[in-house]
Amino acid sequence: MAYIQFLGAAGVVTGSKHLINTDGPSGKQSIQVLVDCGLFQGQKEWRERNWADLPIPAREIDAVILTHAHLDHSGWIPRLVKQGFHGPIYATSPTIDLCSILLPDSGHLQEEDAEFANRHHYSKHHPALPLYSMQEAQQCMTLFRPVSFGEDKQLSSELSFRFVHAGHILGSAMVEISLTSGGNAWRLLFTGDIGRVHDNHAQPGCLVCPGPAEGESCDLLVMESTYGNRQHPHDDPKPELAAFIRTTIARGGSVVVPAFAVERTQKFLFLLKELMETGEIPRVPVHTDSPMAIKAVHIFLKHEEEFKDDTKALIAKYGSPLHWPNFHFDTTQEDSKKINESRYPCIIVSASGMVTGGRVLHHLAQRLPDPRNLILFIGFEAPGTRGNTIKNGEHEVKMFGQVVPIRAQVAALDQFSDHADTPELLQWLRTFKAAPKQTYLVHGEPAAASQLRDTMTKDLGWNVHVAAYKEKVKV
Ligand SMILES: [Zn+2]
């Protein structure tokens, strides 16, 4: 019999990795496919799993099918290749483009971490090594093969797949798999991460095709559960955002927005442009201080086929964000330092979104002590990160080995999530043509996954199980 084994994102929201092993007709070899190949992130206990071998040799895996570019779904690919995998990696064309910037950057960070550990002698390994290098990440890009949405891709006589829209980030897909096992035909659906359902106010600034594909049907569903016990605010954040910016500028302060360089930064820039054009905020300089964010803008502009109509209209009217007046894209260290010298009100959007590193550190170190400034969070700040410390209203934070007092105003807008919340997930599931025989929940903290299981069982009457790490289920 064929089976699925959950090798990551089980009981946790990172490390997505699901192995499908087909039994194959007698005499024929089975095929082994990984859906997603993500990095474990966050606490040490999880990150250590990145060093564990898979239960089967990497060279015996025939192919990887990738749902989207986020590192918790793609970031273990260079490690898999390093361990001997040499098959094709199937993904949509925008996902491949985004991986070409995210994976080498991840390799670069791995190298920096290893170097830091060696310098401070805190690793039990001597010398500490990176999980993979920037160069290794660049090399694995040759294995990527683009597959269009809706295109049927046959991988063996028993297994074929196609991508449908997930509406989560640019290029994001769900994977429908057709599988023959034990003489029966099966349809499997792997959701990857599920975007917000179609609702303009619920996803402010969303640039790409909204909403996961509706009217699905499958025998077995493997579904994310990140927001299985939570609801996002559904009001329009624009009036509040405009008021925050106006008040800050009126008192002579600047706004610093720590934001993830890919997707979140682009969304936010479009929103600022809209607010400036409607006169809701003054036309102060906007600095996007993240080299990766600039590369991501180029990738966005290349994939117009994914844009929502209002994004297309905005670009048709105002052209590329890279040429908007007042919008500065700072690529060099010198450009970045010049922003520090500016004493006039401005808006600075910089990574990393959780203030764990990157250029945003310099901007915050300089602007946190001044009560005229505003630090605005538009994303999730994981516990233990500096972003979380600042967002929680602490009075000081450590940066560059020094204690920085927090006197600036701190605010957060929670409407920007790229994940459907519980009511939206249920709204999407109700569009299914029939209930799947079995649903497995992955990609959720235990409390979120188990609450979603209970809700789906009660409200929909579906057969739902929370997947466990390394659990094997028969198909
Ligand atoms: Zn994601």
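At what angle do helix α7 (residues 264-277) and helix α9 (residues 309-318) pack, and how far apart are their axes? The angle is about 60° and the axes lie 12 Å apart. The model is predicted, so local features need pLDDT of at least 70 and side-chain atom pairs count only at pLDDT 80 or more, while totals for chains, interfaces and linings use all residues. Residues are numbered from 1 along each chain as its sequence is written, and side-chain values use heavy atoms, with hydrogens and water left out. Helices (H or I, at least four residues) and strands (E, at least two) are DSSP runs, numbered from the N terminus.

**Helix packing**

- Axes are lines fitted to C-alpha atoms, for helices over the stretch in contact, and angles run from 0 to 180 degrees between N-to-C directions.
- The packing angle of about 60° between α7 and α9 makes α7 oblique to α9; angles under 35 degrees count as roughly parallel, over 145 as roughly antiparallel, 65 to 115 as roughly perpendicular and the rest as oblique.
- α7 crosses α9 in the left-handed sense, meaning that the near helix is turned anticlockwise from the far one by less than a right angle (clockwise would be right-handed).

**Seven-stranded sheet**

- Strands pair if DSSP finds at least two bridges between them.
- Seven strands form an open sheet of mixed pairing, in the order β6-β5-β4-β3-β2-β1-β22.
- The edges are β6 (144-146) and β22 (472-474); each has a single partner strand, so one side of each has no neighbour in the sheet.
- From one strand to the next, the twist averages 25°.
- Within this order, β3 (residues 32-35) and β4 (residues 63-65) run parallel and are joined by three bridges, with Val64 of β4 as the bridge partner of Leu34.

**Other strand pairings**

- Strand β9 (residues 173-181) pairs with strand β10 (residues 184-190) in the antiparallel sense over seven bridges, and Ser181 stands opposite Asn184.
- β9 and β10 make a hairpin with two residues between them, and Gly182 in the turn has a positive phi of about 55°.
- β10 also runs parallel to strand β11 (residues 220-224), joined by three bridges; here Phe190 faces Val222.
- Strand β12 (residues 255-258) runs parallel to β15 (residues 347-350), with four bridges, and parallel to β16 (residues 374-377), with two bridges.
- Val255 has Ile347 as its bridge partner in β15 and stands opposite Leu374 in β16.
- In β12, Val255 and Val257 point one way, Val256 and Pro258 point the other way, and all are buried (under 20% relative accessible area, with exposed over 50% and partly exposed in between; 1.4 Å probe, protein chains only).

**Aromatic pairs and charges over rings**

- Nine aromatic pairs are found in the whole structure; rings of Phe, Tyr and Trp (its six-membered ring) pair if their centres lie within 6.5 Å, and planes under 30 degrees apart count as stacked, over 60 as edge-to-face and the rest as tilted.
- Trp324 and Phe327 have ring centres 5.1 Å apart and planes at 80°, so they are edge-to-face; both are buried.
- Trp428 and Phe432 are also edge-to-face, because their planes stand at 85°, with centres 5.0 Å apart.
- Trp428 is buried at 1% relative accessibility, and Phe432 is buried with a relative accessible area of 9%.
- Tyr90, Phe161 and Phe163 are linked into a cluster by ring pairs.
- The charged end of Lys17 sits over the ring of Trp76, 5.0 Å from its centre (NZ of Lys or CZ of Arg within 6 Å of the ring centre and within 35 degrees of the ring normal).
- Lys273 lies over the face of Tyr318, at 4.6 Å from the ring centre.
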